[in-house]
Amino acid sequence: MNKFNSVKAVTTFVRVFIGALLLAISFTSIAEQSATINNETNTASDTELALQLEHLKSQVLQLNRELFILEEDLLFPASTQIAIFISVDTGQFFAIDSVEVKIDNKEVAGFLYTDRQRKALEQGGIQKLYLGNLKVGEYQLTAIFTGIDPEGRTVKRAASYDFEKDDDAQMIELKVVDDTSTYRSKVVVEEWVL
Amino acid sequence: MCLTTTVYGESSTEDEQDKNKQNKPVIKTDLQDKYYRQALYYYFQGYPAQALTQVEQSKAKLTQLDSRSALFEAGLQLSAGLLQPAKETLINFETFLEQERIAAEKANLEDDNDEHTEKHQKRAVKAKELRLIALLSLTDQYLAQGDISQAKDTLTKITTVPAVYYPEYYVLNQLAYWPEKNKNLLAKPEDSTNENSPYIQLNEALRLIELAQADATHYDLAISALQQIKVTPWHEEESSFWKTLFIDDAKLTSPAEKLQIAKLQSQAIQDYAKLLLAQIYISQQQYDLAFVELKTFPGESPYQESALFLFAFASQQVKQYTISLNLLNLLIKDYPYSPLSWQSAELMAAQVSEQQSLAQGVSAYQSVESFFVQRQQDLSDFSREFNQSHNLLTFSVSQLSNLQLSNEVLLEPAMQHPPNQEVINIGDRVDVVNTVEYFPKSVWLQQALADVELANLYQSLIDIDQQTANLQLLKDKTAWLAQIITLNQQRKAKIVTSKKLREEQGTFALLNNERDRLAAIHAQQLANEDKAAFANEVEREWLSRIENSYKALNAIGSQKNTEEYKERLARVEGVLAWQLAQQFPQRSWAQTKQLQQLNKAIDEATAKQKNIERISNTQDAIDLSINKHNQSETQLISLLSQLAQLREQISIKIKAKVNAYIEEQNVTLAEHVLTTRQSMANVLERMAVADKRLSSQLITSPEKTSAEKDFSQPPSTMKETD
């Protein structure tokens with residue numbers, strides 16, 4: 001934060017007063033009273049404009065939401081939809097670096113994490129890694145996580161999961177969980193029950 | 001449905017898992033929590049706009065958000081400037097919590113345990129605190145917008161305040177009810193430890209200064225408060241996640257940055273207190289005290305300009321002329337567009353005229369006059385250029401990169417996905433949180449922007465441009481969705497055609513008939529235990545040869561002795577029959593299995609056929625998508641037009657405000673020019689008087705040198721003191 005911002009921070013909580021007092025040393029501002037009256041009128045009008053803008057912003061957000069739903073309905077209908085999520089539980093024994101996901105040995109998603117993304121996961125965030133389509137049937141999902149252990153060594157953790165895709169949307173969460181009994185992390189697969 | 005799970009490092013067999021599955025009841029996933037955490041993933045990366053979009057999408061999918069997600073949404077809406085929806089959520093929050101409590105009690109009765117209520121109670125306690133934080137933040141934003149009535153109204157929604165939030169609550173009350181005191185202010189909690197918040201004290205001192213204009217006794221109280229503030233070290237409290245979300249401006253900064261911010265804020269508070277103190281001393285004409293106060297004012301303070309001016313003025317009053325002259329010259333040089341600098345110019349010229357020679361005074365006044373004329377010219381140029389500009393945001397931009405940042409911010413999260421990844425939600429890129437500020441090169445405009453209302457209007461303009469950019473993205477998306485709908489329609493048409501063809505050819509009926517025929521034959525063969533029916537190709541050949549041999553033997557009849565042949569044939573037939581009997585169970589089972597597979601294949605084909613029938617009958621779904629798409633397109637066009645209109649209105653308002661500012665500055669400059677000219681005339685008059693006196697002295701006395709000496713001396717009142 002620069003100087004300007006620190007002033008802003010102070011003046012946010014304190015009435016700005018100094019300017020008027022300083023000017024009073026050599027000038028008496030005649031226009032001040034009328035300016036105050038004008039300001040009150042302006043504020044009312046400004047508030048109206050701010051409300052209009054706020055309303056439009058809400059509408060843009062709503063439109064975006066509707067288009068998202070339409071897009072998902074068209075591209076990933078529930079009957080074929082599969083989504084894969086990634087989460088990290090504390091990340092004490094494993095600092096996630098990358099993940100690779102395969103379905104029936106075919107690579108469907110891969111991700112390299114930045115520090116910020118890793119921290120967001122460690123703070124409780126869930127990442128939607130993959131959204132795709134699968135026909136009804138049986139499949140095998142394989143996930144390989146690469147990361148750093150507390151000693152700074154590169155380690156890998158993997159999981160394989162057999163599942164059957166039916167007519168409902170399939171949501172699978174891959175959780176990197178710390179196991180305090182073994183001082184290691186492991187990958188736990190959770191299928192969301194909708 | 002889960003079949004098997006193999007987790008490396010974990011030992012679990014399929015049998016165990018199946019057993020576990022049978023024993024455990026199916027518990028539905030807490031989707032509220034999962035969606036909330038997806039939004040958190042964006043928030044923790046510093047993308048509140050994406051987080052808000054995610055929450056909105058979750059809301060659409062889940063129909064209603066739980067209290068925690070609703071509060072998170074309110075916080076994100078506040079940071080996006082969507083005050084009204086945030087306020088609605090917060091006001092209705094008690095009802096919301098009550099609904100959740102009833103739902104939890106109902107769930108308890110169904111499950112026969114207290115888990116749900118306990119969970120709810122824990123959440124409710126936290127939620128009340130969060131609601132308070134959100135209401136405080138909302139009040140703050142209304143105050144920043146100058147909407148005092150909304151700020152007061154929001155404050156009335158607060159019914160209890162824990163000690164930790166009391167200083168913030170108190171300050172917001174001070175600002176909302178300024179200069180009065182809020183009579184309905186909640187009582188200070190008993191465990192309040194932070195009652196000496198510098199902001200409360202500063203505001204209190206300011207209030208006393210205002211009151212002192214009517215009753216001078218208030219000055220003493222103000223001085224005492226300010227003296228306390230300027231020596232009190234101030235430390236910022238630790239911010240929790242929720243406090244950061246709702247209140248703090250500087251989000252997700254590093255610890256080092258936070259420390260620096262805290263130091264700067266602490267310094268700024270102390271500097272402000274010093275400045276106010278000096279101001280009071282000057283208004284009480286205690287210039288020596290003001291001089292002492294400002295002597296140690298830090299050079300790197302954000303209040304440097306005001307402090308310089310006060311210090312120069314105080315120095316002049318305590319006859320520290322060298323200091324005051326230097327300071328006044330510094331102000332003129334460093335802040336040529338500031339009204340304080342203009343006052344300084346006049347003070348400087350007055351000091352030169354009084355302290356040095358009248359001739360030097362005239363020269364100083366001439367410089368000052370030309371300085372003011374130059375400013376008038378600058379102001380006129382600025383006015384012309386400003387009024388000619390069509391897009392106010394491109395006028396005199398000094399931080400172009402900052403404005404361009406908006407697009408980078410919009411695209412950044414999406415670009416982080418690797419190209420092979422399919423998670424490309426265009427919706428994720430829509431940014432409603434404004435991260436950009438307009439900072440002009442023009443000093444006039446920079447000064448005009450000190451007016452909060454004008455700054456807010458400029459911010460609105462940036463918001464509108466950002467929303468327009470968002471809508472352009474959505475427009476691209478609708479075009480893309482139109483293509484998808486067309487492709488879906490084509491795909492559906494193909495499906496319907498091939499279905500019709502299959503129906504015409506009676507493919508399914510033929511297949512079913514054939515299956516029924518085969519099943520009947522197989523059943524007959526099994527019932528008759530017709531082992532020969534299951535013979536393989538070689539065996540069939542053998543059976544055929546045996547049959548032919550029998551026929552040949554029958555034809556020969558008694559013409560020849562065929563007993564030996566018949567015996568051999570019977571032996572071969574016996575061996576073959578034994579072999580067929582041996583293979584019968586296996587072969588009959590294999591054929592039954594094949595028949596089952598055929599049945600399964602036909603069932604699958606039937607299911608597909610039904611699916612196809614369903615798809616071919618889903619004209620409604622496609623029509624619905626088309627309708628939604630058309631509605632979206634119409635809405636898009638309408639929104640773009642409304643935004644354009646609003647932009648126009650705001651631009652007009654900004655121009656009016658800036659022109660009013662220009663007019664104000666023009667009046668001030670004209671006053672300065674006038675007073676400068678009047679002062680210069682006075683000096684010239686004094687020079688004329690002095691000249692006249694000199695002439696008369698020259699006539700009456702030849703002692704010319706002494707008169708010249710007098711002329712160059714400054715008046716006794718302006719002699720510098722040590």
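pLDDT is the predictor's confidence in each residue, from 0 to 100. This is a predicted model, in which local features need pLDDT of at least 70, side-chain atom pairs count only at pLDDT 80 or more, and totals for chains, interfaces and linings use all residues. Residues are numbered from 1 along each chain as its sequence is written, while chains are lettered from A and ligands numbered from 1 in the order in which they are written.

**Confidence**

The complex receives an ipTM of 0.83 and a pTM of 0.72 from the predictor. Chain B has an average pLDDT of 80, with 83% of its residues scoring at least 70. Helices (H or I, at least four residues) and strands (E, at least two) are DSSP runs, numbered from the N terminus. In chain B, confidence is lowest in strand S1 (residues 2–7), at a mean of 39. It is highest in helix H18 (residues 358–388) of chain B, at 93.

Contacts here are pairs of residues whose C-beta atoms, placed from the backbone, lie within 7 Å.

| Stretch of chain B | pLDDT | Contacts in the model |
|---|---|---|
| Residues 400–429 | below 50 | 47, beyond near neighbours in sequence |
| Residues 706–722 | under 50 | 19, beyond four places in sequence |

Where pLDDT is low, the predicted coordinates should not be read in detail.

**The two chains**

Chain A has 4 helices and 8 strands. Their order along the sequence is α-α-α-β-β-β-α-β-β-β-β-β. Chain B has 26 helices and 1 strand.

A residue is buried if 20 or more other C-beta atoms lie within 10 Å of its own, exposed if 12 or fewer, and partly exposed in between, with C-beta atoms placed from the backbone. Of the 194 residues in chain A, 34% are buried. For the 722 residues in chain B, the figure is 30%.

Among contacts in chain A with a separation of 6 or more, 64% involve residues 24 or more positions apart. In chain B, 69% of the contacts between residues at least 6 apart join residues at least 24 apart.

**Helix H25 of chain B**

B:Ile652 lies in helix H25 (residues 619–700) of chain B. Is B:Ile652 buried or exposed? B:Ile652 counts as exposed, because it has 10 C-beta neighbours inside 10 Å. Its C-alpha atom is separated by 10.0 Å from that of B:Leu392, 260 residues apart along the chain.

Methods. Two residues are in contact if their C-beta atoms, placed from the backbone, lie within 7 Å.
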